[in-house]
Amino acid sequence: FFFLMIRRPPRSTQSRSSAASDVYKRQVHGGIVFAGSSLDLPATRQMEEEGRSFELTNTLLKNLASAKILKDHKIEVNSLDFSSDGKLLVSCDDNTLNLYDVLEGRKLKTLYNKVYKIDLVRFTHHNEAVICAAKSSPYYIFYWSIYENEIIKRFSGHKDALICLEMNPCEDNFLSSSRDQTVKLWSLSCEDQEPDGILDLTPKKTTAVVSFDPKGVVFAVAYIEGSSTSGPINRLRLYDLKKYSDGSFLSNNFECPEIRVLKFSGDGNHLLMGTSEDCLLLVDAYDLNLKKRISGFANDSGLRLEACFTPDSKFLISGSENGVVHIWDVEGNEVQKLEGHPKAVTNVRFNPKYILMATACTNIILWMPKEWK
């Protein structure tokens with residue numbers, strides 16, 4: 001499938017090759033090291049000040065416990081995101097956007113959009129700005145200064161509610177997908193606030209989810225291609241950001257429930273696909289072959305349950321409809337089940353710099369190892 005419209009070339013990425021063979025040089029990580037989290041607790045504040053660090057292990061994850069429960073939202077949280085430096089957490093429900101200082105475990109401010117209900121909040125590369133989506137017509141994507149509480153830009157073009165909104169981890173462009181059956185590529189620096197490219201899926205009568213690789217030079221698109229006697233056939237495609245108009249350079253089909261969540265691992269080696277049932281798929285990002293199929297969590301209602309990797313790419317996390325947070329290693333072995341949410345956990349995020357996890361239903365729970373509480 002090809003992107004049908006190119007309004008301008010993507011911004012230059014001169015430091016990286018756009019060739020697929022150069023894009024994917026497999027990275028081997030012995031394990032990322034994380035600094036100890038704080039939450040304004042004496043022991044961990046000292047770790048932060050001393051610069052002590054810890055490798056994320058099974059033992060640490062088995063010792064995760066609720067460190068703080070944030071009860072500022074009155075209705076279900078629809079999205080969460082950490083800033084790239086790990087120091088801030090932003091959360092969003094239909095009516096409010098809350099900003100938290102992670103190191104002190106306190107709310108900094110609450111912002112409101114009194115015209116539109118909002119969803120899919122994501123930090124940009126600056127801690128002072130986010131993007132998020134309007135849930136009603138004209139389905140704007142807002143570029144929002146949370147420092148000045150000012151809408152910097154409104155990106156328009158979608159004709160129905162957004163499903164997915166993903167920021168490029170290295171560049172000022174982002175992807176959106178919508179129930180209008182299109183995927184759009186945008187640039188924050190664009191003056192006319194029009195998309196750079198559009199992938200039109202209306203001939204297939206299907207919607208898509210999207211994700212950028214950690215270097216920001218490849219993106220993935222997944223959608224339902226068709227069906228078989230055993231259920232939906234999902235198509236996963238990889239595109240080179242600098243040559244997306246040439247079509248995907250790699251694709252594969254998967255017989256599984258509808259893919260609703262798509263995430264690259266931090267080392268770029270894997271893709272995680274969450275589905276409309278109690279099923280996660282772990283895929284090799286170089287050949288798109290299935291490596292693991294993971295189940296055993298509650299999702300009988302077909303909710304969109306967010307799933308993610310830990311930043312070292314060694315563990316997987318998913319919410320569930322019964323309030324339990326599940327953690328597995330990449331071999332599919334369950335490491336931990338965390339209880340504490342009274343409702344379905346639809347959002348999970350692991351901090352990119354600290355051993356700290358945020359999960360949300362109506363409440364947000366911040367999790368960290370017991371010995372650091």
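How many bridges pair S9 with strand S10 (residues 129-134), and in which sense? The answer is 4 bridges, in the antiparallel sense; strands here are DSSP runs of E with at least two residues, numbered from the N terminus, and two of them pair if DSSP finds at least two bridges between them. Keep in mind that this is a predicted model, where local features need pLDDT of at least 70, side-chain atom pairs count only at pLDDT 80 or more, and totals for chains, interfaces and linings use all residues. Residues are numbered from 1 along each chain as its sequence is written, and side-chain values use heavy atoms, with hydrogens and water left out.

**The S9-S10 hairpin and its sheet**

- S9 and S10 make a hairpin, with 5 residues between them.
- Across that pairing, phenylalanine 123 sits opposite valine 130 in S10.
- Strand S9 (residues 118-123) is largely enclosed by the rest of the structure, because 6 of its 6 residues are buried (buried means under 20% relative accessible area, with a 1.4 Å probe and protein chains only).

**Cysteines**

- Searching the whole structure turns up 0 disulfides, a disulfide being a pair of cysteine sulfur atoms within 2.5 Å.
- For cysteine 132, the closest cysteine sulfur is in cysteine 92, and at 6.0 Å it's too far for a bond.
- Cysteine 132 counts as buried because its relative accessibility is 0%.
- Cysteine 190 counts as buried too, at 5% relative accessibility.

**Nonpolar cores**

- The largest nonpolar core has 35 residues, and Phe219, Val221, Leu236, Leu262, Leu271 and Met273 touch the most other members (a core is a set of buried Ala, Val, Leu, Ile, Met, Phe, Trp, Tyr and Cys residues joined through side-chain atoms within 4.5 Å).
- Strands supplying at least two residues each to this core include S13 (162-167), S18 (218-228) and S22 (270-275).
- S18 gives the largest share of this core, 6 residues.
- Leaving out residues up to four places away in sequence, methionine 273 touches Leu236, Phe254, Ile259, Val261, Leu262, Cys279, Leu280, Leu281 and Val283 (contact means heavy atoms within 4.5 Å).

Conventions: Buried means under 20% relative accessible area, exposed over 50%, partly exposed in between (1.4 Å probe, protein chains only).
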